[in-house]
Amino acid sequence: MLHSRRAVLAAGAVGVTTLATSGQVSAVTEDIVAKLARESELGNAALLRGDVDTYLGFIKLAQDFTLMSPFGGQPSKGGYTKERWQEIGSFFRNGTLRQELVQGYSSADMAALAVIEHCRGEVGGLPMQDWALRVTLVYRREANDWLLVHRHADPLANGITAEQSAALARGGKNS
């Protein structure tokens, strides 16, 4: 038996994962989330090796893509030039990645993934180390493609104290 029209509209308004009948999760929704999670993991694993071409084979960015980098600062917007992609690729070396899907949501034309990226690699010229990032990915469907429209990542997967968070919020300043 279908949920009432009111319940379906309310569910759609808050962007929940499924509009279910008889309590069954939509297989289409699960397939979309699984596909995007798999492509995200494979693409970002390639990027951590510095392999931009393989990354771009898995991840298609929307023209209005926004990135909120794990290093903070102003979000970047818009398309990336070939030169910018070469710069991004050279930032990462010898990396590996295992992605943990925390939660996935999708509707007909939008999907969001909350993941933890468990990375190990050389990043920004630093020696090999572990990186655990909390990441939110938002996709928009255009025709038959799912385009990444937003990525937000932070290095707080291991947790920090309130004092450390306050220092970061102050920009590292003491007062």
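How many bridges pair strand 4 with strand 5, and in which sense do these strands run? Twelve bridges pair them, in the antiparallel sense. This is a predicted model.

**Strands 3 and 4**

- Strand 3 covers residues 92–106, and strand 4 covers residues 110–123.
- The two run antiparallel and are joined by twelve bridges.
- Gln-103 has Ala-114 of strand 4 as its bridge partner.
- Three residues lie between strand 3 and strand 4, and the two strands form a hairpin.

**Strands 4 and 5**

- Strand 5 spans residues 129–142.
- Across this pairing, Cys-119 stands opposite Trp-131 of strand 5.
- Strand 4 and strand 5 also form a hairpin, with five residues between them.
- Gly-124 sits in that turn and has a positive phi of about 60 degrees.

**The cavity**

- The whole structure was searched, and one cavity of 30 Å³ or more was found.
- The volume of the largest cavity is about 30 Å³.
- Its lining consists of Leu-36, Glu-39, Ser-40, Phe-58, Ile-59, Lys-60, Tyr-139 and Trp-146.
- By type, five lining residues are nonpolar, one is polar and two are charged.
- Helix 2, residues 27–48, gives the most to this lining, with three residues.
- Tyr-139 of the lining falls within the residue range of strand 5, 129–142.

How values were computed:
Residues are numbered from 1 along each chain as its sequence is written. This is a predicted model: local features need pLDDT of at least 70, side-chain atom pairs count only at pLDDT 80 or more; totals for chains, interfaces and linings use all residues. Side-chain values use heavy atoms; hydrogens and water are left out. Two strands pair if DSSP finds at least two bridges between them. Helices (H or I, at least four residues) and strands (E, at least two) are DSSP runs, numbered from the N terminus. On a 1 Å grid over the protein atoms alone, a cavity is a set of points where a 1.4 Å probe fits but cannot get out, and a pocket is an open set with protein on both sides within 12 Å along at least five of seven lines; lining residues have an atom within 4 Å of a point. Grid points are joined across faces, edges and corners, and a volume is the space filled by probe spheres set on the points. Ala, Val, Leu, Ile, Met, Phe, Trp, Tyr, Cys and Pro count as nonpolar, Asp, Glu, Lys and Arg as charged, and the others, Gly among them, as polar.
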